[in-house]
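Please walk me through this model in the viewer. Tell me what to select at each stop and what I will find there.

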Amino acid sequence: MTAGRSGRTMTAVEGDPDTAAPIALSLPVAAVARRLGVAPATLRTWARRYGLEPTGHVPGRHRRYTAGDLARLEIMQRALTHGAGPAEAARLALAARATAPTPIALAAGPATHHAADPAVATAVLDAPAPRRGGRLLRLSDAGPGARGLARAAFAMDAQAVRGVLAESVAADGLVVTWDDVARPVLVAVAERWESNGRGVEIEHLVSDCVTSVYNAHSVGAPVDTGLRPVLLAAMPGELHVLPLNVLSAVLAERGLPCRPLGADLPAVALVDAVRRVAPAALVLWSQMAGSGDPEVVESLPRTRPRHRVFVGGTGWDGVALPSATTRLTSLAQAADVLTRVVAG
């Protein structure tokens, strides 16, 4: 029996002394922190404040975590991701009867978030939301889903972010997930960026995860090809298209055909698309100030049958819209209005 460089206890495979298989896990704080996507200081706080000390830890010596310790920390992390407060999450972790520890390869990526005991998983999902907003984002009025998403996003844990979103979509649908889970976090991240110039990486991670979850939900949805489609386009110079991606998924779920045209669409390309597709409706998104240009709307060609023009986003604030142009103010309103226009 030999000790590997990582600190794991190793046993040599009979007949091949150079091949070793782990039979126990002993990880330092830094390695566990990387697996969970948290700061090392967070693990020390969990140990001191909530009793999640490594098995057999002696005060004054370095903390080293076993597979069972890691399983409990994963439960703690999953509970936090689903909106539980730290004290409640720690209670669930300490109360859990994890399955027998199994060797964990250090080369494996970030730890997956799962509870070893199904009863604990259920308790995690039912855990109450904390009463106050998070320390990192201002989410005082947000529910447990948004809080869990924020925690996972700050840990840069894409798997956990997608998991929170997917569970919310399965339970409450695409519209509620956007309004109550994803959007509050994105707004809070934007406010943080405005205050200190930090958090762009969080916005990018959440946006990518929202797009992947919503696309996966809508891919393969039966669409009525006999209906005239909806064109979705960002205004020239507008790079933010996440709300259009979300709207596209909601419309696809309703069986309505869409043609997403992406970000920063030149005006001439928009005109060509309208002429070639003859859509039932056109949605123009403007989020950045100055990108909401009414002249682009006025330059659109007329089609037969005629199409309806809608605009959305804060870039249209204060802009005098051309006649017969409708302002969309929410995802639910946009989905309902476009459903009526396309499906009649």
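**Colour by pLDDT.** This is a predicted model. Its average pLDDT is 80, and 80% of the residues score at least 70. Now select residues 1-23. Here the pLDDT is below 50, although the stretch makes 37 contacts in the model beyond near neighbours in sequence. Residues 97-135 also stay under 50, with 74 contacts beyond four places in sequence. Where pLDDT is low, the predicted coordinates should not be read in detail.

**Go to the largest nonpolar core.** It holds 52 residues. Select Leu165, Trp178, Val210, Tyr214 and Val283, which touch the most other members. Elements giving two or more residues include helices H6 (144-154), H7 (158-172) and H9 (200-218), and strands E6 (230-234) and E8 (281-285). Helix H8 (174-196) is also among them. H8 contributes the most, eight residues.

**Zoom in on Trp178.** What does Trp178 touch, leaving out residues up to four places away in sequence? Show Arg183, Pro184, Leu186, Val210, Tyr214, Leu242, Pro243, Val246 and Leu331.

**Move to the second core.** This one is separate and has 23 residues. Select Ala31, Val32, Trp46 and Leu80, which are among its members.

**Finish on helix H4, residues 86-95.** Ala89, Ala90, Leu92 and Ala93 are buried. Look down the axis of H4: the buried residues fall within an arc of 160°, so they line one face of the helix. Then turn to the face directed away from the buried side. There you will find Ala87 and Ala95, both exposed.

Key. Residues numbered from 1 in each chain as written. Predicted model: local features only at pLDDT ≥ 70, side-chain atom pairs only at ≥ 80, totals over all residues. Heavy atoms only, no water. Buried < 20%, exposed > 50% of the residue type's maximum accessible area, 1.4 Å probe, protein only. Helix = DSSP H or I, 4+ residues; strand = E, 2+ residues; numbered from the N terminus. Arc of directions from axis to C-beta. pLDDT = per-residue confidence, 0-100. Contact = heavy atoms within 4.5 Å. Core = buried A, V, L, I, M, F, W, Y, C linked by side-chain atoms within 4.5 Å.
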